[in-house]
Amino acid sequence: MSFKVAIIGRPNVGKSTLFNRLAGKKLALVDDTPGVTRDRRIHPAKLYDLSFDVIDTAGFETAAPHTLQGRMREQTEIAIREADLVIFMVDARAGLLPDDKAFADIVRKSGKPVVLAANKSESRASEGGTLEAWEAGLGEPIPISAEHGQGMPDLRDAIVEAL
Ligand code: GDP
Ligand code: MG
């Protein structure tokens, strides 16, 4: 089976890091500066037995005639529309911020199958934020570490269940 997965979330939660891991390449720009991913990028990806296309999204677009918020929303909505499933990512160390809730609303309203990934979960400091992520209203948060490759089997199972 072939399907498309969009990684959605506010800037700096680790979307491009997961995209790179799934795509097996250093394609998307990863940076500490929010908003360095300038385009939506799509690339074939593998997660164990699953093959799919993964879509990375920019949280912000700079040279846009729209407001920053409007542009974020537009990019996000285009990616969600293209996708069969959404990985909605939060930063478990930061907890659930107002911006996360705004993105979560967009995802929920889309009606697409969604997996909630609580990223940056490699340390105990993320436990509180992972619990808080339940408040996104998108089901059970799956603790992962995109950077360290942790939680990938659970992510795989959650994708299969949600599809
Ligand atoms: P994006 O803006 O959502 O695409 O986020 P990036 O993938 O560019 O990552 C933002 C920052 O978070 C970078 O400094 C990454 O190295 C860092 N990061 C990504 N994943 C993890 C993780 O699992 N653990 C930790 N501690 N940092 C991470
Ligand atoms: Mg990015």
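Residues are numbered from 1 along each chain as its sequence is written, chains are lettered from A and ligands numbered from 1 in the order in which they are written, and side-chain values use heavy atoms, leaving out hydrogens and water.

Isoleucine 80 belongs to helix 2, residues 68–82; helices (H or I, at least four residues) and strands (E, at least two) are DSSP runs, numbered from the N terminus. What does isoleucine 80 touch? Leaving aside residues up to four places away in sequence, isoleucine 80 touches Ile8, Val86, Ile106, Val107, Ser110 and Lys112, where contact means heavy atoms within 4.5 Å. With isoleucine 8 the C-alpha to C-alpha distance is 7.9 Å, across 72 residues of sequence.

Six strands form an open sheet with mixed pairing, in the order 2-3-1-4-5-6; two strands pair if DSSP finds at least two bridges between them. At the edges are strand 2 and strand 6 (141–143), each of which pairs on one side only. On average, neighbouring strands of this sheet are turned by 30 degrees against each other, direction ignored. Axes here are lines fitted to C-alpha atoms, for helices over the stretch in contact, and angles run from 0 to 180 degrees between N-to-C directions.

Look next at strand 2 (residues 41–47) and strand 3 (residues 50–56), which run antiparallel and are joined by seven bridges. Arginine 41 has aspartate 56 as its bridge partner in strand 3, and leucine 47 stands opposite leucine 50. Two residues lie between the strands of this hairpin, and there tyrosine 48 takes a positive phi near 55 degrees.

The rings of phenylalanine 3 and phenylalanine 52 have centres 5.3 Å apart and planes at 25 degrees, so the pair is stacked (rings of Phe, Tyr and Trp, the last by its six-membered ring, pair if their centres lie within 6.5 Å; planes under 30 degrees apart count as stacked, over 60 as edge-to-face and the rest as tilted). Because phenylalanine 3 lies in the segment before strand 1 and phenylalanine 52 in strand 3, the pair ties together parts that are 49 residues apart in sequence. Both phenylalanines are buried.

Helix 1 (residues 15–23) lies across strand 1 (4–8), strand 2, strand 3 and strand 4 (85–91), at about 60 degrees to strand 2. Eight of its nine residues are buried, so helix 1 is largely enclosed by the rest of the structure. The cover over these buried residues includes strands 1, 2, 3 and 4 and helix 5. Just after helix 1, glycine 24 takes a positive phi of about 70 degrees.

Finally, a word on confidence. The mean pLDDT of the protein chain is 87, and 82% of its residues reach 70 or more; pLDDT is the predictor's confidence in each residue, from 0 to 100. Over residues 60–64 pLDDT stays under 50. Where pLDDT is low, the predicted coordinates should not be read in detail.

Note on methods: This is a predicted model: local features need pLDDT of at least 70, side-chain atom pairs count only at pLDDT 80 or more; totals for chains, interfaces and linings use all residues. Buried means under 20% relative accessible area, exposed over 50%, partly exposed in between (1.4 Å probe, protein chains only).
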